[in-house]
Amino acid sequence: MTRPPRRPGGSLADALWRRPGLLAALLLALPVLWLVVVYLGSLAALLVQSFYALDDFSGLVVEEFTLATYAQLFTAANLAIIQRTVLMAAAVTLASAVVAFPIAYVAARYARGWRKAAFYLAVMLPLWSSYLVKVYAWKLILAKEGILTWAFAKVGLTPLLEAVLAIPGIGGNSLSVSYIGTFLVFLYVWLPYMILPMQAALERVPTNLLDASADLGARPGETFRHVILPLALPGVVAGSIFTFSLTLGDYIIPQIVGSSRLFIGQAVYTQQGTAGNVPLAAAFTMVPIAIMGLYLWGAKRAGAFDAL
Amino acid sequence: MKPLLKTCTAAATSALLCGGALAQSAMMSVGEGEGQVNIVAWPGYIERGETDKAYDWVTGFEAETGCKVNVKTAATSDEMVTLMNGGGFDLVTASGDASLRLVAGKKVQPINTALIPSWSKVDPRLQDAPWFTVNGEHYGTPYQWGPNVLLYNTAVFKEAPTSWGVIFEPQDLPDGKPNAGRVQAYDGPIYVADAANYLMHKQPDLGIEDPYELNEDQYAAVLELLRGQRQLVGRYWHDAAVQVDDFKTEGVVASSSWPFQVNTLKADNQPVASTVPEEGATGWADTTMLAADVQNPNCAYKWMEHSLSPKVQGDVAAWFGSVPAVPAACEASELLGSEGCKTNGFDNFDKIRFWRTPTAKCADGSACVPYSRWVSDYIAVMGG
């Protein structure tokens with residue numbers, strides 16, 4: 001019996017087998033390169049930029065360390081932008097959680113077979129079409145002469161719509177030029193990102209715990225508060241990270257549907273684009289990063305990741 | 001020396017650029033084409049008949065000169081500046097709020113107008129325009145210009161509004177209803193100039209002479225006007241398509257706009273028209289500028305010459321809703337028609353204050369409010 005002839009591939013395989021570290025290095029080289037250079041590198045560049053400042057006279061960026069750009073974030077107009085964005089992100093996240101929970105619960109507990117497939121399809125379907133098309137479609141739905149106004153008029157609820165739009169602060173001339181409109185579109189666009197992790201978490205809640213809770217005399221509300229919600233919390237937090245951070249950074253929806261009052265994403269876009277003020281744009285970008293950092297830290301302290 | 005100084009300061013960035021411009025040497029003759037030319041252009045500026053067969057001013061040029069035209073479209077002036085900073089392009093159709101930035105950044109170079117036979121046909125009003133002529137040198141050839149018109153709904157306005165006041169001050173429109181919520185303004189900081197232009201006539205005692213050169217007092221008054229306008233505006237327009245939509249479904253009846261939206265709405269049979277009110281208007285003028293690191297200079301010069309031919313100029317104007325830089329074009333294009341130039345604003349040149357980037361130092365050397373403050377303050381106005 002002769003040994004099979006060795007091929008170059010064979011010696012490579014041997015080398016990899018003898019030195020497992022080499023295999024790991026080869027496999028990880030590309031992702032690590034991407035993560036460090038492209039991802040962390042650009043973040044670092046951003047951080048550095050935010051410590052520069054724009055010289056008003058020449059319109060050029062002065063590459064000297066200064067905190068002046070960060071100080072600009074605290075002017076009234078810029079603080080208003082940050083406050084507006086954070087409030088919107090919080091409202092969208094809370095509303096997503098409330099809307100998504102029953103959907104995720106039914107899907108996790110009761111949907112079986114083809115119904116489950118239909119559920120996934122229904123939740124994912126909006127993600128298949130272009131984001132821009134959806135936003136423009138919503139603009140038409142919410143317009144002053146749009147479908148919603150027409151529907152309200154048909155059922156005689158126009159005064160209700162007008163009363164809602166008359167609320168100072170969040171109201172406006174029509175749904176599509178008010179914060180309410182922006183909120184509704186955000187809610188629609190990010191909802192799948194809340195439903196899916198929530199449903200995954202709810203599926204992992206053991207049914208026997210619910211039975212045990214009932215056997216011990218807990219009412220459904222108590223079971224929900226003391227058993228389901230704590231166990232499903234990682235999913236809720238995961239979903240809220242998506243909806244919160246996506247709302248913090250978006251700059252397209254508030255431009256198409258809304259009252260032209262800027263959100264952080266738009267401020268970044270304007271400052272780095274039209275104004276050429278990259279330092280201020282970078283400083284603005286640091287705001288969502290800082291907020292998300294705090295948010296994740298808080299979620300961790302609350303034990304949201306313990307179950308992972 | 002004085003006009004030289006003036007252009008340099010207007011160019012706005014620093015004394016550096018005057019020296020830099022002189023250092024470059026212009027071409028002396030146009031030779032054989034290199035086989036291609038790369039152009040950064042506004043969408044719709046360079047058409048090869050792909051959208052509509054009738055609108056094609058590229059195919060003939062390619063056949064005649066052997067220069068293949070590669071177009072990279074850019075949606076904003078800033079995108080153009082960014083693309084040119086990246087390099088690799090021969091020409092760019094820059095607007096007045098980008099052209100001087102490109103000159104200052106040394107991304108474009110002076111051209112030798114003697115190599116462009118059609119130069120003499122260029123509208124004399126544009127030949128030495130300050131947005132592309134620095135220190136007596138021309139950094140490109142004028143391409144098209146146009147006004148920022150007042151677009152209005154003819155069902156509400158039986159007669160054209162005579163003043164921009166309808167979108168700046170609270171009042172009842174001819175249909176008896178207030179204008180609040182039914183007017184729009186542009187969401188770019190350059191719109192501050194529109195307000196300044198209005199105040200120039202409304203409050204002559206402010207002493208505004210140029211809407212792009214505002215001192216602190218004038219600037220404060222302009223911001224005050226804009227804050228008042230915020231109460232009237234439901235949404236500022238940014239995207240031309242969104243504005244068209246807002247006129248159709250959002251009940252907007254008057255706004256600053258471009259001929260493009262006017263033509264689009266008219267094509268959809270909407271009851272609209274446009275006018276340049278008595279205060280005049282702001283406007284844009286685009287220049288085909290030659291890149292400093294041009295790779296295909298011969299083809300680039302051939303394109304600049306081609307771009308000034310009356311037929312091309314007229315066709316572009318018809319397609320884009322702009323005014324040609326060559327007056328002969330007004331009679332040379334069937335697409336534009338005999339009235340086309342007039343419709344798009346040819347006679348309004350003197351009423352137009354063309355876009356420029358405001359700088360910290362006015363032409364007369366006094367202190368002005370620079371563009372970076374326009375940006376931050378306009379954001380504050382919109383957020384108000």
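User: What makes two strands of a sheet count as paired in this predicted model?

Analyst: Two strands pair if DSSP finds at least two bridges between them. By that rule, four strands of chain B form an open sheet in the order β9-β10-β8-β11. The pairing is mixed.

User: How do you know that β8 and β10 of chain B pair?

Analyst: Count the bridges. Strand β8 (residues 149–153) of chain B and strand β10 (residues 254–257) of chain B share four bridges. The cut-off is at least two. The two strands therefore count as a pair under the rule of at least two bridges. Their sense is antiparallel. Y152(B) stands opposite A254(B) in β10(B), and L151(B) stands opposite S255(B).

User: And what makes β9(B) and β10(B) a pair?

Analyst: These strands have two bridges.

User: Why do β9 and β11 of chain B stand at the edges?

Analyst: β9 (183–184) and β11 (272–275) of chain B each have a single partner strand, so one side of each has no neighbour in the sheet.

User: What makes both faces of β10(B) covered?

Analyst: Look at each side in turn. A254(B) and S256(B) are buried on one side. S255(B) and S257(B) are buried on the other. A residue is called buried if 20 or more other C-beta atoms lie within 10 Å of its own. In general, side chains in a regular strand alternate between the two faces of the sheet.

User: Now chain A. Why is chain A called more spread out than a compact globule?

Analyst: Chain A has 14 helices and two strands. Its radius of gyration is 26 Å, while the globule rule gives 19 Å for 308 residues. The value is well over the rule, so chain A is more spread out than a compact globule. Its C-alpha atoms fill a box of roughly 95 × 75 × 35 Å along the principal axes. Of the 308 residues, 33% count as buried.

User: How is chain A divided, and how far apart do the domain centres lie?

Analyst: Domain 1 of chain A covers 8–50, and domain 2 covers 74–301. Their C-alpha centres lie 36 Å apart.

User: How many residues of the two chains are in contact?

Analyst: 27 residues of chain B are in contact with 32 residues of chain A. On the chain B side, α10 (240–249) and α16 (371–383) each supply at least two residues. α16(B) gives the most, with eight. By class, this side has 10 nonpolar, 12 polar and five charged residues.

Note on methods:
Residues numbered from 1 in each chain as written. Chains lettered and ligands numbered in written order. Predicted model: local features only at pLDDT ≥ 70, side-chain atom pairs only at ≥ 80, totals over all residues. Contact = placed C-beta atoms within 7 Å. Nonpolar A, V, L, I, M, F, W, Y, C, P; charged D, E, K, R; others polar. Domains from an automatic or database assignment. Rg over C-alpha atoms; globule rule 2.2 N^0.38 Å. Buried ≥ 20, exposed ≤ 12 C-beta atoms within 10 Å, placed from the backbone.
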